[in-house]
Amino acid sequence: MFVDSHCHLNFDELVKDLPQQLADMQAAQVSHALCVAVNLPEYPSVLALAEAHANLFASVGVHPDYEDTPEPSVELLVREAAHPRVIAIGETGLDYYRLEGRSIADMEWQRERFRTHIRAARETGLPLIIHTRSASEDTLAIMREERAVETGGVMHCFTESAAVADAAMAEGFYISFSGIVTFKKATELQDVARHVPLERMLIETDSPYLAPVPHRGKLNRPAWVRHVGEFIAELKGVSVEEVAEVTTANFFRLFAKARAA
Ligand SMILES: [Zn+2]
Ligand SMILES: [Zn+2]
């Protein structure tokens with residue numbers, strides 16, 4: 001059985017076919033999926049999925065790409081995270097990819113928001129789901145300053161170097177690979193996936209984005225995490241069953257609340 005450690009199943013294009021999505025997961029032996037919140041207005045739709053389906057879980061948080069959106073406080077995140085179906089804080093982190101004319105100094109609001117999430121995670125003991133893009137140095141610096149090591153978490157949709165992966169693992173974080181690793185030109189990332197021990201690895205779709213080969217360009221879905229797992233198995237020269245077993249065990253070790261939820 002596989003677990004999709006990061007999807008956005010509440011997005012319109014996926015949730016409108018929810019029964020089909022769930023049936024496809026079952027057919028592909030994808031037993032569970034973590035539905036990740038990106039902002040507070042849409043968070044109730046994430047939680048509703050996790051409340052209605054025993055194999056879907058929720059997180060609470062505000063993605064760094066959402067700028068004109070209600071800002072979360074530590075208190076609010078802690079309060080929402082008390083819900084039995086909420087197993088993680090995020091997604092949060094830093095994204096300097098689309099600066100749109102601004103400088104990194106102008107992105108202090110992202111760094112403040114990221115600190116808020118880490119503080120909430122430490123208060124709740126829940127792991128963090130961290131998004132980092134074109135910002136790995138600041139991401140790691142803030143993780144260290146705010147002692148993210150106390151809760152650990154996952155570097156989701158990982159696209160950074162082996163050195164960044166090592167630094168994140170040293171802070172107690174797992175490294176999650178998405179469909180990007182299956183792309184033909186992603187040879188550097190494939191080397192990183194060879195480098196990261198299976199015991200520290202998660203797999204995800206980040207659906208509806210980033211459909212893996214052989215579905216590249218199509219609307220991604222949680223069932224297709226299986227293709228990520230199959231690709232990792234080939235890269236590492238291990239069986240698909242081993243990848244499924246170890247990454248699933250990793251998921252339930254990291255998101256321990258999911259075992260009771
Ligand atoms: Zn993300
Ligand atoms: Zn995401």
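This report describes a sheet and some helix packing in a predicted model.

## The parallel sheet

Eight strands make up an open sheet in which the pairing is parallel, and their order is β1-β2-β3-β4-β5-β6-β7-β8. At the edges of this sheet stand β1 (2–7) and β8 (201–203), each of which pairs on one side only. When direction is ignored, neighbouring strands of the sheet are turned by 30° against each other on average.

Helix α2 (residues 18–27) lies across both β2 and β3, and the direction in which α2 runs is at about 135° to β2.

## Packing of helices α8 and α9

Two packed helices are described by the angle between their axes and the distance between the axes. For helix α8 (residues 187–195) and helix α9 (residues 225–236), the packing angle is about 75° and the axes are 9 Å apart. Because angles of 65 to 115 degrees count as roughly perpendicular, α8 and α9 are described as roughly perpendicular to each other.

On the α8 side the contact is made by Q190, A193, R194 and H195, while α9 contributes F231, I232, L235 and K236. By residue class, this contact of α8 with α9 comprises four nonpolar, two polar and two charged residues.

Conventions: Residues are numbered from 1 along each chain as its sequence is written. Chains are lettered from A and ligands numbered from 1 in the order in which they are written. This is a predicted model: local features need pLDDT of at least 70, side-chain atom pairs count only at pLDDT 80 or more; totals for chains, interfaces and linings use all residues. Side-chain values use heavy atoms; hydrogens and water are left out. Axes are lines fitted to C-alpha atoms, for helices over the stretch in contact, and angles run from 0 to 180 degrees between N-to-C directions. Helices (H or I, at least four residues) and strands (E, at least two) are DSSP runs, numbered from the N terminus. Angles under 35 degrees count as roughly parallel, over 145 as roughly antiparallel, 65 to 115 as roughly perpendicular and the rest as oblique. Contact means heavy atoms within 4.5 Å. Ala, Val, Leu, Ile, Met, Phe, Trp, Tyr, Cys and Pro count as nonpolar, Asp, Glu, Lys and Arg as charged, and the others, Gly among them, as polar. Two strands pair if DSSP finds at least two bridges between them.
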